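Here is a short report on selected places in one protein chain. Please look over the sequence and the structure before reading on.

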Amino acid sequence: MSDVKPPRVLIIAGSDSGGAAGIQADIKAVTALGGFAMTAVTAITAQDTTGVHGVWPMPVDAVVQQAKVCMSDIGVDIIKTGLIAGSDLVEAIAELLAEQAPEVPRVVDPVMVATSGDRLVYASTTDVLASLLVRGATLVTPNAPEAEILTGKPVEDINGQRRAAEALLEFGAKAALVKGGHVDTNPIVDVLQTQHGEWLFESSRIDTTSTHGTGCTLASSISTELGFGHEMHEAVQRATSYLAGAIRNAPGFGAGHGPVYHAWRVERD
């Protein structure tokens, strides 16, 4: 066993009963890459590969208490946020992080639209999310539809991705990764902009419907790599490579957008 302790990743996000996205995908990705995952569940969803069939937000106090006890006892090296489906919860989480983890890096995956196209976040939450969680984030990782919702700018090509990333930096994020999976290009281009420059990450578009949970998986993978001390562009590159392997090795489950295979690197007996 390595002498390097696993980075402690606190995930504040929703549960996906189908196991492909949300907290379940986050835990799998963090564990596969050698991190230690902790969770504060923000919502319960009835979800499978065909869509989201129900969403039940958790009480604000329950979410805050989950996060608080993890931070006070186990400690945290990096925080990843996902689905937060209410402005009151966003405000409570922002207050908690400001009070108890002001120096802890945080990766904000602004989960708003599921792979199936289902809207997961109330429209009224968007402005609060941008002002309280995107501002000061170490990294924010929207896909094209989410970037459009957050910034109000069209994201139809790489220039649109750049404009959206620039806007997110202006909002106060330290770095923005505007993903290109929803943009009609091949190869896919993800645009990373930081206060120090821009990086483009190209990947061949894989002919598959097994893409459920890719956003959650990528954000949690980046979080883990940052927790190990990698620079931002290197963490994104490593996480992108891991996700590509998870997509290529997808098991083909379900009748809709199937899950990726997070354990593809694990040696089988």
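Ser 221 sits in helix H7, which spans residues 214-227. This is a predicted model. The relative accessibility of Ser 221 is 0%, so the residue counts as buried. Leaving aside residues up to four places away in sequence, Ser 221 touches Ala 29, Leu 33, Ala 239 and Tyr 242.

**Two packed helices**

Two packed helices are described by the angle between their axes and the distance between the axes. Helix H3 covers residues 87-100, and helix H4 covers residues 125-134. Their packing angle is about 5°. Their axes lie 9 Å apart. Angles under 35 degrees count as roughly parallel, and H3 and H4 are therefore roughly parallel to each other. Which residues make the contact? H3 contributes Ser 87, Val 90, Glu 91, Ile 93, Ala 94 and Leu 97. H4 contributes Thr 125, Val 128, Leu 129, Leu 132 and Leu 133. Of the residues in this contact of H3 with H4, eight are nonpolar, two are polar and one is charged.

Glu 99 also belongs to helix H3. Is Glu 99 buried or exposed? Its relative accessibility is 55%, so Glu 99 counts as exposed. Glu 99 and Thr 39 are 60 residues apart along the chain, and their C-alpha atoms are separated by 19 Å.

Val 64 is placed in helix H2, residues 60-73. Its relative accessible area is 15%, so Val 64 is buried. Apart from neighbours within four places in sequence, Val 64 is in contact with Ala 92 and Leu 96. From Val 64 to Gly 75 there are 11 residues in sequence and 15 Å in space, C-alpha to C-alpha.

Val 155 is in a loop. That loop runs between helix H5 (144-151) and helix H6 (158-171). With a relative accessible area of 5%, Val 155 is buried. Which residues does Val 155 contact, leaving aside its neighbours within four places in sequence? They are Ala 144, Ala 147, Glu 148, Gly 160, Gln 161, Ala 164, Val 178 and Val 183.

Ser 15 is in strand S1, residues 8-16. At 14% relative accessibility, Ser 15 counts as buried. Its side chain makes a polar contact with the side chain of Gln 24, at 2.9 Å. Neighbours within four places in sequence aside, Ser 15 is in contact with Ile 23, Gln 24, Val 41, Ala 43, Ile 44, Thr 45 and Gln 47.

Thr 49 lies in the loop between strand S2 (36-48) and strand S3 (51-57). Its relative accessible area is 14%, so Thr 49 is buried. Not counting residues up to four places away in sequence, Thr 49 touches His 212, Phe 253, Gly 254, Ala 255, Gly 256, His 257, Gly 258 and Pro 259. A polar atom of the Thr 49 side chain lies 3.0 Å from the backbone nitrogen of Gly 256. Thr 49 is 28 residues from Ala 21 in sequence and 9.8 Å from Ala 21 in space, C-alpha to C-alpha.

**A cis peptide bond**

Most residues other than glycine have a negative phi, and most peptide bonds are trans. The bond joining Asn 186 and Pro 187 is cis, with omega about 10°. Pro 187 is in the loop between strand S7 (175-178) and strand S8 (188-194).

**Cysteines**

A disulfide is a covalent bond between the sulfur atoms of two cysteines. How many disulfides are counted? The count is zero. Cys 70 is in no disulfide, and the nearest cysteine sulfur, that of Cys 216, is 19 Å away. Cys 70 is buried, at 13% relative accessibility. Cys 216 is in no disulfide either. Cys 216 is buried too, at 11% relative accessibility.

**Accessibility at a glance**

| Residue | Relative accessibility | Class |
|---|---|---|
| Ser 221 | 0% | buried |
| Val 155 | 5% | buried |
| Cys 216 | 11% | buried |
| Cys 70 | 13% | buried |
| Ser 15 | 14% | buried |
| Thr 49 | 14% | buried |
| Val 64 | 15% | buried |
| Glu 99 | 55% | exposed |

How values were computed:
Residues are numbered from 1 along each chain as its sequence is written. This is a predicted model: local features need pLDDT of at least 70, side-chain atom pairs count only at pLDDT 80 or more; totals for chains, interfaces and linings use all residues. Side-chain values use heavy atoms; hydrogens and water are left out. Axes are lines fitted to C-alpha atoms, for helices over the stretch in contact, and angles run from 0 to 180 degrees between N-to-C directions. Helices (H or I, at least four residues) and strands (E, at least two) are DSSP runs, numbered from the N terminus. Angles under 35 degrees count as roughly parallel, over 145 as roughly antiparallel, 65 to 115 as roughly perpendicular and the rest as oblique. Contact means heavy atoms within 4.5 Å. Ala, Val, Leu, Ile, Met, Phe, Trp, Tyr, Cys and Pro count as nonpolar, Asp, Glu, Lys and Arg as charged, and the others, Gly among them, as polar. A disulfide is a pair of cysteine sulfur atoms within 2.5 Å. Buried means under 20% relative accessible area, exposed over 50%, partly exposed in between (1.4 Å probe, protein chains only). A polar contact is a pair of N or O atoms within 3.5 Å; within protein, one must be able to donate a hydrogen and the other to accept it, and residues adjacent in sequence count only if both atoms are side-chain atoms.
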